[in-house]
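Good morning, everyone. Let me put the model on the screen, and then we can walk through it together.

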Amino acid sequence: MSAEMRQGVERAPLLPPAGEGGPRSGSDEGSAISGEVTPSPGRSATTLPREGGRDAPALRPSPRRRSWVGVARPLSPRRRTSLAILSFLIPLLAWAAVSYVPFLWHPLVEVTEPGDIAWMEPGMRVPKAAFAEEVASAKAAGTAEPAGRPANPVYLPAPHEVATAFWTSLTAQPTQRDAIRLPLSLWHSIQIIALGFLLSSLIGVPLGILCGAQPTLARLTEPVIEFVRYMPAPAFGALMVAILGIYDGPKIAIIVIGTFFQQVLVIANTTRRIEPLLIEAALTLGARNLRLIRRVIVPAMLPQLYRDQRILLGWAWTYLIVAELIGTSSGITFFITQQARYQHFDNVYAAILIIGLVGSATDLALAWLGRRLFPYDRSEA
């Protein structure tokens, strides 16, 4: 070995290789020299015993923050019930607060005593500014001052007023001579909904299944259905009156138009989601055409088809009010418009609420029936 090579070896630092626990960075080197380990960010250090009686810090992950968004897991029955009750309780409490707490929102004054103000009457609701002016004028003139209490506009009745009107409209005879009872008008509307949706389903369900099962038929019919479904159903009102008269015919037609085109597209999409291997197995075993549809496709899609019909029935209810305004007014719409004309807004709210109650009760009943009809389908709600 030459003298130059011997000098280079003597100057080389005696450090362990990188794979034998030697330091890899300046900070690690300092920690190794002092015998300490610096925890990395996001980790906490705990001490563990080691040889020599000294404690060595050990690393462990710090607890992660819990995310409120993640994999959806089913809620317990008790929690589901509590949240369902709370979903109705929150808007009801907000309505009650606006109605019963004066400083939140009471822009009017309900006159309880008109005093010497000629144009005021008990029960009249006037703006606060106008009422304050009359009070100041009466005080300056030395006459009897009007008295009143904070109130909301007539179109925002309190919850107890709506509850009273709800019960009265169901049990008592109407006070107006030309008015009809709420139960009779509601029953008439239910008949229109049922007949319109039945006619729509008689054509829409088979056509939707065929479009989903046969691509050629789908390309022949779905483009025009996609085009027509963007046309608002009430736009056909005048045409339906000219063709079907002014009574219930055009109302039923509007329900059919509003649900039929949506029904075909939704059911066709449901049909296409059937497992292809199931259809291929049926074809291998000799099922063809209508037999394949009747024995394989329809049973496979039946639970989802049932859910689709539940959703589409809700769409039928959304067209009801507009449909009943076409031709002669009838049903629940006639009751609502008549009570609004008389400014009985508590009855208007009662009628709107009963529509929601009937629709929700119908959906719950259909959901219960679906669980009995398709116990094997876990997604049936």
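Predicted model: local features only at pLDDT ≥ 70, side-chain atom pairs only at ≥ 80, totals over all residues.

Now the partner. Arg-149 and Glu-110 join their side chains in a salt bridge, at 3.4 Å from N to O. Strand β5, residues 147–151, holds Arg-149, and strand β3, residues 108–113, holds Glu-110, so this pair ties together parts that are 39 residues apart in sequence. Glu-110 has a relative accessibility of 17%, so Glu-110 counts as buried. The cut-off for buried is under 20%.

A quick step back to the chain. The protein chain has 381 residues, and 31% of them count as buried. Its secondary structure comes to 14 helices and five strands.

Side chains of opposite charge can pair when their charged atoms come close. How many salt bridges does the structure hold? It holds four. We have seen the one between Arg-149 and Glu-110. I'll show two others.

Next up is Glu-222. Glu-222 forms a salt bridge with Arg-272, and their closest N and O atoms are 2.4 Å apart. Glu-222 sits in helix α7 and Arg-272 in helix α9, residues 248–272, so the pair ties together parts that are 50 residues apart in sequence. Buried or partly exposed: which is Glu-222? Glu-222 counts as buried, at 14% relative accessibility. Arg-272 is partly exposed, with a relative accessible area of 41%.

Stay with α7, because Glu-222 lies in that helix. Helix α7 covers residues 215–228, and helix α6 covers residues 182–213. Their axes come within 6 Å and cross at roughly 125°. That angle makes α6 oblique to α7. The crossing is left-handed.

Which residues meet there? From α6 we have Leu-207, Leu-210, Cys-211 and Ala-213. From α7 we have Pro-215, Leu-217, Ala-218, Thr-221, Glu-222 and Ile-225. By class, this contact of α6 with α7 has eight nonpolar residues, one polar and one charged. Glu-222, then, is in this contact and in the salt bridge with Arg-272.

On to another pair of helices. Arg-310 and Asp-363 form a salt bridge through their side chains, at 3.2 Å from N to O. Arg-310 belongs to helix α11, residues 289–318, and Asp-363 to helix α14, residues 345–373, so the pair ties together parts that are 53 residues apart in sequence. Arg-310 counts as buried, at 16% relative accessibility. Asp-363 counts as partly exposed, at 29%.

How do α11 and α14 lie against each other? Their axes come within 11 Å and cross at roughly 170°. Over 145 degrees counts as roughly antiparallel. So α11 and α14 are roughly antiparallel to each other.

What makes up this contact? On the α11 side it is Tyr-306, Arg-310, Leu-313 and Trp-317. On the α14 side, the residues include Ile-355, Val-358, Thr-362, Asp-363 and Leu-366. By class, the contact of α11 with α14 has nine nonpolar, two polar and two charged residues.

Definitions and conventions
Residues numbered from 1 in each chain as written. Heavy atoms only, no water. Axes fitted to C-alpha atoms, helices over the stretch in contact; angles between N-to-C directions. Helix = DSSP H or I, 4+ residues; strand = E, 2+ residues; numbered from the N terminus. Parallel < 35°, antiparallel > 145°, perpendicular 65-115°, else oblique. Left-handed = near helix turned anticlockwise from the far one by under 90°. Contact = heavy atoms within 4.5 Å. Nonpolar A, V, L, I, M, F, W, Y, C, P; charged D, E, K, R; others polar. Buried < 20%, exposed > 50% of the residue type's maximum accessible area, 1.4 Å probe, protein only.
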